[in-house]
Amino acid sequence: MRGLTYSTLLMACLLIPAVARPDGTAKIKIDNFTFSPTKLSIAKGTEVTWANEDDIPHTIVLTANNVRSKAIDTDKTFSYRFDKAGTFSYICGLHPQMHGQVVVK
Ligand SMILES: [Cu+2]
């Protein structure tokens with residue numbers, strides 16, 4: 001009985017997955033109607049923060065992820081965590097000519 005309890009406990013410990021944590025953070029600067037870097041490569045679980053350093057508001061529209069930020073004013077930020085691998089293109093909803101891409105590995 002004691003042996004069974006011990007192995008059950010051991011199994012439980014082995015089966016409980018490590019708490020998922022973000023691998024880190026990354027920043028994309030918005031300035032002069034440009035996202036930089038235009039193409040960002042990150043590891044899965046990374047939280048990306050867009051920082052608007054431009055004089056006018058911009059938004060982030062990530063169609064594939066159903067993400068649409070509110071207007072990001074000058075010196076404000078918007079963050080989103082990428083939990084799935086893939087290549088994600090986004091635009092500014094106010095200026096659709098502004099393109100960017102996040103590659104999640
Ligand atoms: Cu914009």
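Guide: P37 sits in the loop between strand 2 (34-36) and strand 3 (39-42), where strands are DSSP runs of E, at least two residues long, numbered from the N terminus. Before we go on, this is a predicted model: local features need pLDDT of at least 70, side-chain atom pairs count only at pLDDT 80 or more, and totals for chains, interfaces and linings use all residues. Residues are numbered from 1 along each chain as its sequence is written.

Visitor: What's the peptide bond from S36 to P37 like, cis or trans?
Guide: That bond is cis, with omega near 0°. Most peptide bonds are trans.

Visitor: Where is N32, and what about its phi?
Guide: N32 lies in the loop between strand 1 (25-31) and strand 2. N32 is not a glycine, yet its phi is positive, about 55°. F33 is placed in the loop between strand 1 and strand 2, and has a positive phi of about 60° although it is not a glycine.

Visitor: Is N32 buried or exposed?
Guide: N32 counts as exposed because it has 9 C-beta neighbours inside 10 Å. The cut-offs, using C-beta atoms placed from the backbone, are 20 or more others within 10 Å for buried, 12 or fewer for exposed, and partly exposed in between. F33 has 12 such neighbours inside 10 Å, so F33 counts as exposed.

Visitor: Switching topic, which residues make up the largest nonpolar core?
Guide: There are 12 residues in all: I30, F35, V48, W50, I60, I72, F82, F88, Y90, C92, M98 and V102. Strand 4 (47-52) and strand 8 (86-91) are the elements giving two or more residues to this core. A nonpolar core here means buried Ala, Val, Leu, Ile, Met, Phe, Trp, Tyr and Cys residues joined through C-beta atoms within 7 Å.

Visitor: And what does W50 touch?
Guide: Leaving out residues up to four places away in sequence, W50 touches I28, I30, I60, I72, T77 and F78. Contact means C-beta atoms, placed from the backbone, within 7 Å.

Visitor: How about V61, which strand is it in?
Guide: V61 is in strand 5 (residues 61-62). V61 counts as partly exposed because it has 17 C-beta neighbours inside 10 Å. Not counting residues up to four places away in sequence, V61 touches R68, Y90, I91 and G93.

Visitor: Last one: where's D75?
Guide: D75 is in the loop between strand 6 (67-68) and strand 7 (77-81). With 9 other C-beta atoms within 10 Å, D75 is exposed. D75 and D55 are 20 residues apart in sequence, with 8.7 Å between their C-alpha atoms.

Definitions and conventions:
Helix = DSSP H or I, 4+ residues; strand = E, 2+ residues; numbered from the N terminus. Contact = placed C-beta atoms within 7 Å.
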